[in-house]
Amino acid sequence: SNTNVSVTEVAPSTSETNSVDENDKVYSINGLEYSIPESWTEKITSEIQKFYYPEDGTLMIVYEETEASITNEVSRTQYINGVVSGFDSYESESFSESEITVAGTKAYQYDMNATISGQELKFTLVLFDYSNGIGSLYMSTLIDSDKDYSKEFENILSSISISDEFLEAQAQAQEAAEAQAIADAQINDETKIVLGRPITIGDYEVTV
């Protein structure tokens, strides 16, 4: 299904300059952990949508619960069409798709020049399957800016990992589901009629 994520927020230009040796800060969203340069300010709009602002740019990280998989070409195309439909316009000749790896899983990266809310931007989108949905990173920089955050963005992508707490919770949920399935199967087996085996029905024991 088409995404309804808003990508209209762009950071205002400031006079600050980024330090070459700045430290990164670890953040997380729905169990995904990642490192962001410390000078980038964070704005949280929900538990599954976060914004980070370097000078002349915006990074948005989103987790969207869905049954769709980005490894499915039709689902992936629908997702991208949903994103692009929210733009004022984009340059089709600048559009490119590449397959990359994020947190050990297959991911897709899209690069293009686009106009969003009247601002001309260099825009990059990265999509990957995560948990019961899709993780996505939207990185945009003003086209007329001399800032280039491609290296920082690569570092953020390579820093993405799944927290131990999330993996543990997922494993416990899986164990609980398996235990429930075994219990259900046992109940079904006890009430199933098997020739020559007695079964209890109310106050009576019956053998077929």
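**Chain contacts, a strand hairpin and an aromatic cluster**

The structure described here is a predicted model, and its protein chain contains three helices and 13 strands. Of the 208 residues of this chain, 37% count as buried, while the accessible surface of the protein chain comes to about 12100 Å², with 46% of that surface belonging to carbon and sulfur atoms.

Among the strands, strand 7, which covers residues 96-102, and strand 8, which covers residues 105-116, run antiparallel and are joined by seven bridges. One of the residues that take part in this pairing is Glu-97, whose bridge partner in strand 8 is Tyr-110. The two strands form a hairpin in which two residues lie between strand 7 and strand 8, and in the turn Ala-103 has a positive phi of about 50 degrees. In a regular strand, the side chains alternate between the two faces of the sheet.

Aromatic side chains were examined next, and a search of the whole structure finds 10 aromatic pairs. One of these pairs is formed by Tyr-27 and Tyr-34, whose ring centres are 6.3 Å apart and whose planes meet at 20 degrees, so the pair is stacked, given that planes under 30 degrees apart are counted in this way. Tyr-27 has a relative accessibility of 11% and therefore counts as buried, because the cut-off for a buried residue is under 20% relative accessible area. Tyr-34, with a relative accessible area of 2%, is likewise buried.

The ring of Tyr-34 also pairs with that of Tyr-52, their centres being 5.9 Å apart and their planes at 85 degrees, so that this pair is edge-to-face. The pair links distant parts of the chain, since Tyr-34 belongs to strand 2 (residues 32-37) and Tyr-52 to strand 4 (residues 49-53), with the two tyrosines 18 residues apart. Both Tyr-34 and Tyr-52 are buried. Taken together, Tyr-27, Tyr-34 and Tyr-52 form one aromatic cluster, in which Tyr-34 is stacked with Tyr-27 and edge-to-face with Tyr-52.

A further arrangement involves a charged side chain and an aromatic ring: the charged end of Arg-76 sits over the ring of Tyr-108, at 3.8 Å from the centre of that ring.

Key
Residues numbered from 1 in each chain as written. Predicted model: local features only at pLDDT ≥ 70, side-chain atom pairs only at ≥ 80, totals over all residues. Heavy atoms only, no water. Pairing = 2+ DSSP bridges. Helix = DSSP H or I, 4+ residues; strand = E, 2+ residues; numbered from the N terminus. Phe/Tyr/Trp six-rings, centres within 6.5 Å; stacked < 30°, edge-to-face > 60°. Buried < 20%, exposed > 50% of the residue type's maximum accessible area, 1.4 Å probe, protein only. Lys NZ or Arg CZ within 6 Å of the ring centre and 35° of its normal. Areas by Shrake-Rupley, 256 points an atom, 1.4 Å probe, with all protein chains shown as cover.
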